[in-house]
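Please look through the structure below. The questions and answers after it go through selected parts in turn.

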Amino acid sequence: MEIIISESLKLRPWCEEDKQELQRIANNSNVTKYLRERFPHPYTKNDAERWVSLNIMGLHETHFCIEYNGKPAGGIGIDIQNDIHKYTAEMGYWLGEEYWNKGIVTQCIQTVTPFFINKFQLKRIYATASVGNVASIKALERAGYTFEGTMKNYAHKDGVDLDGTLYAFTK
Ligand SMILES: CC(C)(COP(=O)(O)OP(=O)(O)OC[C@H]1O[C@@H](n2cnc3c(N)ncnc32)[C@H](O)[C@@H]1OP(=O)(O)O)[C@@H](O)C(=O)NCCC(=O)NCCS
């Protein structure tokens, strides 16, 4: 499944040919600074291979490669929750640093939100961003997500406790 957003920007599944470029752009501590440890630093060839394999095996239903000017530039996707939260999904996204501040992720959030809500009959997509992650917070706000609150000590990374913001789009 491919979604064309503009001449330069599209969403498509991750594929084998992306491994090298994925490893190059993901292996950057500025990118991983606020991300979960499952998106590690350093980001190795094995990490890239594993991610692409997982997508080929099925994650492509919920995750996209962000392609900008014909090159893999980052990723966006959702994790659908379970049990009584089955109509809820958490969204995550990242971009290689050379692609920041061009409005790319704002457009991707605006595109995937209605797409995933329709595809999986969701009623809520939420995202959390550390209070210091201004670019992420701005992208969520510009994409129409609503601020729902601040979470004290919501994460602990590299020895530091972090406060988080919670944003959601509800149907
Ligand atoms: C967060 C991230 C995905 C944003 O993607 P992006 O395509 O650069 O975002 P956009 O360009 O759509 O929007 C970012 C906005 O924040 C603004 N911004 C960026 N850094 C800023 C700063 N330090 N202070 C104020 N505004 C800032 C940009 O100017 C832009 O707003 P504008 O268009 O009104 O000027 C990208 O920075 C990234 O990949 N970061 C590392 C991974 C990450 O943190 N992912 C999110 C985890 S919650």
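Q: Where does Pro42 lie?
A: The model is a predicted one, in which local features need pLDDT of at least 70 and side-chain atom pairs count only at pLDDT 80 or more, while totals for chains, interfaces and linings use all residues. Residues are numbered from 1 along each chain as its sequence is written, and side-chain values use heavy atoms, with hydrogens and water left out. Helices (H or I, at least four residues) and strands (E, at least two) are DSSP runs numbered from the N terminus. On that numbering, Pro42 is in the loop between helix 2 and helix 3 (45-57).

Q: Is Val31 buried or exposed?
A: Val31 has its place in helix 2 (residues 29-32). Buried means under 20% relative accessible area, exposed over 50%, and partly exposed in between (1.4 Å probe, protein chains only). Because its relative accessible area is 8%, Val31 is buried.

Q: Which residues is Val31 in contact with, leaving aside its neighbours within four places in sequence?
A: Contact means heavy atoms within 4.5 Å. With those neighbours left aside, the residues in contact with Val31 are Ile25, Phe39, Trp94, Leu95, Gly96, Glu97 and Trp100.

Q: How many residues surround the ligand?
A: A residue is near a molecule or strand if one of its heavy atoms lies within 4 Å of it. The closest residues to the ligand are Leu95, Asn101, Thr106, Asn133 and Arg142. The number of residues that surround the ligand is 20.

Q: Which helix supplies the largest share of the shell around the ligand?
A: Strand 5 (88-95), helix 4 (104-120), strand 6 (124-130) and helix 5 (134-142) each supply at least two residues of this shell. The largest share is five residues, and it comes from helix 5.

Q: What is the distance from an oxygen atom of the ligand to an N or O atom in the side chain of Thr106?
A: A polar contact is a pair of N or O atoms within 3.5 Å; within protein, one must be able to donate a hydrogen and the other to accept it, and residues adjacent in sequence count only if both atoms are side-chain atoms. An oxygen atom of the ligand is 2.8 Å from a polar backbone atom of Leu95, and one is also 2.8 Å from a polar backbone atom of Gly103. For the side chain of Thr106, the distance is 2.5 Å.

Q: Is Asn101 buried or exposed?
A: Asn101 lies in the loop between strand 5 and helix 4. Its phi is positive, about 60 degrees, although Asn101 is not a glycine. Because its relative accessibility is 73%, Asn101 counts as exposed.

Q: What is the length of the polar contact that joins the side chains of Thr113 and Tyr145?
A: Thr113 is found in helix 4 and is buried, with a relative accessible area of 3%. Leaving aside neighbours within four places in sequence, Thr113 is in contact with Ile125, Tyr145 and Phe169. The polar contact between the side chains of Thr113 and Tyr145 is 2.8 Å.
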